[in-house]
Amino acid sequence: DRLLNVAPLFHILGLAIVMTQLHCGGTVMITQGFHPKTFLSWLDEFRPTWFSSSSPMNHAFLRLGKEHRDFFRSLPLRFIRTMGETPEYEVLVALEQATGAPVLTGYGLTEAQGASRTTLSARKPKSAGRSTGMDLAIMNPSGEILRPDEEGEIVLRGPSVTSGYLDNPEANAATFRDGW
C-alpha cells in the first residue's frame with residue numbers, strides 16, 4: 001500500500017496511520033498539510049492506494065471528487081481513512097460515490113489514540129463505531145453514565161489514555177472524572 005498522509009503528525013490520526021503503514025511495510029508520502037489546489041497533483045504523482053482525511057477535509061474531497069470523478073476513479077485507491085469527529089453519514093456516502101473508494105471511519109483523540117472504528121458493513125449514521133479495546137461510555141454533564149442510545153459526551157478509559165496533562169491541574173480537573 002501507498003499512503004498519502006495529509007494529516008499533521010502531532011495529531012493522533014497523522015501519527016498513528018504513518019506508524020501503522022510503516023510497521024506493515026508500506027510506503028508513506030507525507031505532505032505539508034492539506035492544500036486543495038495541490039491535492040490532485042499529489043494524487044497523480046504519488047498514485048496512493050489510500051489517503052487520510054478528517055471531517056472538514058471530507059467536504060473538500062467531496063467537491064474535488066464530484067468535479068474530477070473520472071480522475072479519482074482512475075486512481076488505485078482502495079479506501080479513504082477518516083478520523084476525528086464522527087463524519088456526517090451523508091457526506092461519507094457521497095464521497096464514496098464521487099471517488100469510487102470506501103471511506104473507513106474512526107473516532108479518536110490525541111490523548112487516547114483511536115478509540116473506536118467502523119467497518120463498512122457495520123456503519124450506522126451518527127455512530128462513532130465500536131471500541132478499539134478501551135472502555136467507552138456516554139456521560140451526561142453531572143457525571144452519570146447513560147445508555148448507548150442516549151445523547152451525551154463520549155468518555156473513555158484504558159491503558160492507552162493519558163493519565164493527565166503535564167503541569168496543568170486545571171485542565172486535569174476539568175477533563176478527568178472518576179477514572180474516565
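This is a predicted model: local features need pLDDT of at least 70, side-chain atom pairs count only at pLDDT 80 or more; totals for chains, interfaces and linings use all residues.
1. Basis of the values. Local features are taken where pLDDT is at least 70 and side-chain atom pairs where it is 80 or more, whereas totals for chains, interfaces and linings use all residues. Numbering starts from 1 along each chain as its sequence is written, and side-chain values use heavy atoms, with hydrogens and water left out.

2. The mixed sheet. An open sheet of 7 strands runs in the order β2-β1-β3-β4-β5-β6-β7 with mixed pairing, where strands are DSSP runs of E of at least two residues, helices are runs of H or I of at least four, both numbered from the N terminus, and two strands pair if DSSP finds at least two bridges between them. Its edge strands are β2 and β7 (130–131), each of which pairs on one side only.

3. The β1 end of that sheet. Strand β1 (residues 2–5) pairs in the parallel sense with strand β2 (residues 27–30) over 4 bridges, with leucine 3 opposite valine 28. β1 also pairs in the parallel sense with β3, over 2 bridges, and here leucine 4 stands opposite phenylalanine 51.

4. The antiparallel sheet. A further open sheet, of 3 strands in the order β9-β8-β10, has antiparallel pairing, and its edge strands are β9 (145–146) and β10 (153–157). Between strand β8 (residues 135–139) and β10 there are 5 bridges, and aspartate 135 stands opposite arginine 157.

5. Leucine 4, leaving aside neighbours within four places in sequence, is in contact (heavy atoms within 4.5 Å) with residues including Phe39, Trp42, Leu43 and Phe51.

6. Helix α2. Phe39, Leu40, Trp42 and Leu43 are the buried residues of α2, buried being under 20% relative accessible area, exposed over 50% and partly exposed in between, for a 1.4 Å probe and protein chains only. Seen down the axis of α2, these residues fall within an arc of 160°, so they line one face of the helix; the arc is that of the directions from the helix axis to the C-beta atoms. Lys37 and Glu45 are exposed on the other side, while the buried residues are covered by elements including β1, β3, α3 and α4 (69–73). Arginine 47, which follows α2, has a positive phi near 50°.

7. Serine 53. This residue, in strand β3 (residues 50–53), is buried with a relative accessible area of 0%. The side chains of serine 53 and asparagine 58 are joined by a polar contact of 2.7 Å, that is, a pair of N or O atoms within 3.5 Å of which, within protein, one must be able to donate a hydrogen and the other to accept it, residues adjacent in sequence counting only if both atoms are side-chain atoms. Beyond its neighbours within four places in sequence, serine 53 is in contact with Leu13, Asn58, Phe61, Ile80, Arg81, Thr82 and Met83.
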